Amino acid sequence: MPRLTVGDLQKIKEKHKAEFTLREGGYRAKVTVHMGTCGIAAGAREVMTALLDEIANAGIDDVIVTTSGCAGLCAREPLATVEIINAPPVKYCDLNAEKIKEIFREHIMAGNPVEKYALVVGCETMY
Amino acid sequence: MAAKILVVDDEIIAIRSAERVLRSEGYDVEGVLSGREAMLKLEQNNYDLVLTDLKMPEVDGITLIRWLRNVKPSIRIVVITGYPSQETIKEALELGIIDYVPKPFTPAVLSDVTQRALEWRKCGCEAEKSKEEIPPAMLSELDRVVKEYKNKPGSLIPVLQRAQEIVGYLPPFIQKRIGKGLNISPAEVHSVVSFYSFFTMKPRGDHNIRVCLGTACYVRGIEGVLEKIKDSLKINIGDTTENKKFSLEAVRCLGACGLAPVMVVDQDTYGAMTPKKAMEVIGQYDPSFTGATAKEEAERQLNKEV
Amino acid sequence: MEKVRTNLMLCAGTGCVASGTAKVKDALQKELEKRGLEKEIKIVLTGCNGYCAEGPVMAVYPDEIFYQKLTVEDVPKLVEEHFLKGRPYQKLMFKEPEKKTAIPMMKEIPFFKHQVLRVLRNKGLIDPEKIEEYISRDGYQAAAKALTQMTQEDIIKVIKDSGLRGRGGAGFPTGLKWDFASKVKSDIKYMLCNGDEGDPGAFMDRSVMESDPHSVIEGMIIGAKAIEAHSGYIYVRAEYPLAVKRLHLAIDQATEAGLLGKNILDTGFDFELEIYLGAGAFVCGEETALMRSIEGKRGMPRPRPPFPAHKGLWDKPSVLNNVETLAQIAPIILNGSEWYRSLGTEKSTGTKVFALTGAVNNVGLVEVPMGIPLRTIIYDIGGGIRKGRKFKAVQLGGPSGGCIPEHLLHTPVTYEDIVATGAIVGSGGMVVMDENTCMVGTAKFFLEFTTDESCGKCPPCRVGTKILMDMLTDITEGRGKESDIETLEDLGRDIIATSLCGLGQTAPNPILTTIKYFRDEYESHIKHKWCKAGVCRELTTFLIDEKLCKGCGACLRACPSKAITGEKKMPHKIIQDLCVHCRTCYDACKFKSIKILPAKFQGDPAELEAVLEKSKREAE
């Protein structure tokens, strides 16, 4: 990255929004796998690998997969957040490779959240 | 009998010049152009020493070294490389190479390193390792680190951390060497080493088990897990097993309280431990580990005899 | 008080906030004031409703009307139509989606409902290894503001006014600390970050460094500007490899982007930042000890004054802030001190992150407004005690803190109220203990820690903690004397009064609070040689109550020393000679038929009272 000026910060913000958000970036879905120390220890890597395999097998390119830090609820790791365009994000907990595959088929591909694995819908409060 | 040496390099010129130098010293030298060929050769014949390049297409040097450590751990390895990046050298050192020669090399350096590598005897008992038994490559890496930090204020602790990474532990002569390099008295080096629990003056086993004694782990029953590990490995906290496979440490909170009780083996964190699960985890690192305590083993022995 | 006729529930979920909740709120407030409606119509920020794609959303009560995709431009018209003329503003009204899932919403789940994220604002939302993602969530905007539009005094004033207090333990006002250091004249000063999170049971700093490293760096840049420092260190525990890796990456990225190093953002301000790995000594969490450690020496504290603001690292003026404190800085600079004070209490403002662990159901990292009761954190957010067991105590503040009993669970979490109980907020480790925890054993556990970690420089701490430790060992192994409790208390108070640094000055806290609230447990250990929780092995006898035993065999199978015998469906028996008092059978029994009795107890458990009475009489 080149050296930034104050004005560049806003530009990066807008560019990032244009590229990585669902509506502006032309994506249909975004999956965030939470990979802090506890997530990794609980098996987040396996979940991530299984998901990437499924996406590769399905041959689709409108789903972003990204990693992030701890989601806060260590007792229920591995956690992942699935966000489909025009719908609130859904957090899934206690995941494993099999469950994320099912979530991929049902939620990401067919658009129906998998209630039995879901923890909560929506996003956290900040103000 | 002449020592048998295998030279692995994807450049024919490098092989030719190594052959020329080493044959004139009376060694039995063979050369191969790839890691894969080297594996085939190594499977069929016995060698005393392997000289290998790191950067090669397909099977690279690190892969070859790793494979060799598993298949024929007694063969000594020296790395010849044109790109001694810190990362790869560190990795190679961790895998147990004896030395490395930068490319291009002079005949004198090559024959010198080869001779030293062949004379270097691996000591069976780690605890008695003395200066002569630390591979020269480790020492030169250590000296490089010391030089890098020499003029920085407050560099003793980072240097000790790097030294422990390279050598595995900090025996007195290493501490002296560091003190000399940084111009700090040996007493001061020792006082710092003994103050911080991160530093160890005893060699560690192949795998380091750290058991968390944080509050959350305590409340969720780590003590039972620790007892079981101590009993089954037959060691105390701070010790290394007889077969040098495992060392056991107790640490003050690994900051993974959400997974309590927690233990870490090498770099991997394992949560929600029970005595039984801990045995399974340790078993993953050593297939011969049974989890039986001394008492149980004695009983089993007794039953067998009956 | 005037009657509020309408509540505007404006969503403050991350999604809506990203779409502009804050601006809409300000516009609404201004418009209501303009129309003289501010007293009858109140704006309330709420948790997520699950309509994140339509944000910002607002619900109007009692009208039960939803508005969506609010913009600042819409506000005047909306206020005029709905609140002045009483006609819901059709253009922005929300159509409820036909299909709703059965998955609960954030505001319906207590774990999420009570939390407000400020420190953890990017929790689970950004990839910590990509600086663009941090920037995309207003990252480095505060640093830019501080470097271009604010003077040193401006920055210090905002932080002072915000009431932010150090989150590392002592709760010293951050603005004041910066003020002291800024006023000292020196060509070299240091801005330091304490990431040597040593309190067992606390892991918020690890989590912040791992999941949002740039937030710490940004806080340090602002602090550096405030005190005029041009170099700094982040001191991190070597036990946190992932945090170290991500911090290194973040510093490299920030340096490459011109956000660290020379001439930051072309403003002419320089700040070089380095990482320093700790080597595992709890006492290095103390500021003077930490600075000694960066100097490459034994991490021993030294007496203060001189304070680090005058003579710190290499005798230069230095400021040391904790990770969580630094992560709070950027939003305060962006949103102002009033915003920060809108949560929390008068003296303990804003939010605090707690690591909620131990015997609760929802173990995790939670961020709550200061001042909410302990009970809400443990029972609502934490989901109560695991396995339906009974709550016994909550431990706050690690080895420097104390245990708070059930009858004080109404205590609000503020620096002052927690200190009044004998514990401290500390770095925010909150370990919940259930009925299976022995409080004498817990005190001993912490003393073991401090005895081990005492650096040995001052005698009260070095010798005193050892004596306390020996006494506790005696009590838990059946050699306790009646006078011990008083001696523990006296000696504890002496150590607090005479130790050199925070480690010794707080080391007796776990003992003093457990004696204060759980004196009966000490007494039963000493007088009856009885650890009722069954933890201290020498002070227990395990017996099966034959009247309750169903003969299911669960204990027999669980026993590691084969000390239990009995036929199926017949009452089982424990062979006392073989029993190692490990309590495995007690946890295995579903019928509560296993009783924990005083050491060397014989006979029928039902006769316990009589036996105790007899031993008491004998003692007299």
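How many helices and strands does chain C have? Chain C has 25 helices and 18 strands, where helices (H or I, at least four residues) and strands (E, at least two) are DSSP runs numbered from the N terminus. This is a predicted model, where local features need pLDDT of at least 70 and side-chain atom pairs count only at pLDDT 80 or more, while totals for chains, interfaces and linings use all residues. Residues are numbered from 1 along each chain as its sequence is written, chains are lettered from A and ligands numbered from 1 in the order in which they are written, and side-chain values use heavy atoms, with hydrogens and water left out.

**View 1. Chain C as a whole, then the loop residue C:Asn436.** The C-alpha trace of chain C spans about 85 × 65 × 45 Å along its principal axes. Of its 620 residues, 61% count as buried (buried means under 20% relative accessible area, exposed over 50%, partly exposed in between, with a 1.4 Å probe and protein chains only). Take the contacts in chain C between residues at least 6 apart in sequence: 70% of them join residues at least 24 apart (a contact means heavy atoms within 4.5 Å). Now zoom in on C:Asn436, which sits in the loop between β14 (429-434) and α17 (439-453) of chain C. C:Asn436 counts as buried because its relative accessibility is 11%. Leaving out residues up to four places away in sequence, C:Asn436 touches C:Arg389, C:Ala533, C:Val535, C:Arg583, C:Tyr586 and C:Asp587.

**View 2. Strand β1 of chain A and its two partners, β3(A) and β2(A).** Strand β1 (residues 29-34) is mostly covered, with six of its six residues buried. In a regular strand the side chains alternate between the two faces of the sheet. Here A:Ala29, A:Val31 and A:Val33 point one way from β1(A), while A:Lys30, A:Thr32 and A:His34 point the other way, and all are buried. Look for A:Ala29 opposite A:Ile84 in β3(A). With strand β2 (residues 63-68), β1(A) runs parallel, and six bridges join them. A:Val31 has A:Val65 as its bridge partner in β2(A).

**View 3. Helices α7 and α9 of chain B cross at roughly 70°.** For some context, chain B has 13 helices and nine strands, and its C-alpha trace spans about 65 × 60 × 35 Å along the principal axes. Of the 306 residues of chain B, 53% count as buried. The axes of α7 (residues 156-167) and α9 (residues 186-195) of chain B come within 11 Å; axes are lines fitted to C-alpha atoms, for helices over the stretch in contact, and angles run from 0 to 180 degrees between N-to-C directions. That angle makes α7(B) roughly perpendicular to α9(B) (under 35 degrees counts as roughly parallel, over 145 as roughly antiparallel, 65 to 115 as roughly perpendicular and the rest as oblique). α7(B) passes α9(B) in a right-handed crossing (right-handed if the near helix is turned clockwise from the far one by less than a right angle, left-handed if anticlockwise). On the α7(B) side, the contact is made by B:Leu156, B:Ile157 and B:Leu160, and on the α9(B) side by B:Glu188, B:Val189, B:Val192 and B:Val193. Sorted by class, the residues of this α7(B)–α9(B) contact are six nonpolar, no polar and one charged (Ala, Val, Leu, Ile, Met, Phe, Trp, Tyr, Cys and Pro count as nonpolar, Asp, Glu, Lys and Arg as charged, and the others, Gly among them, as polar).

**View 4. Helices α6 and α8 of chain B cross at roughly 35°.** The axes of α6 (residues 136-149) and α8 (residues 172-182) of chain B come within 9 Å, and α6(B) passes α8(B) in a right-handed crossing. From α6(B), the contact uses B:Leu139, B:Leu142, B:Asp143, B:Val146 and B:Tyr149; from α8(B), B:Phe173, B:Ile174, B:Arg177, B:Ile178, B:Gly181 and B:Leu182. The contact of α6(B) with α8(B) has eight nonpolar, one polar and two charged residues.

**View 5. An open sheet of four strands in chain B.** The strand order is β7-β6-β8-β9, with mixed pairing. β7 (246-251) and β9 (268-270) of chain B are the edge strands, each pairing on one side only. From one strand to the next, the twist averages 20°. Strands β6 (residues 207-212) and β8 (residues 263-265) of chain B pair in the antiparallel sense over three bridges, and B:Arg210 stands opposite B:Val264 in β8(B). Helix α11 (residues 222-233) of chain B packs on the sheet and touches β6, β7 and β8, its direction making about 150° with that of β6(B).

Definitions and conventions:
Two strands pair if DSSP finds at least two bridges between them.
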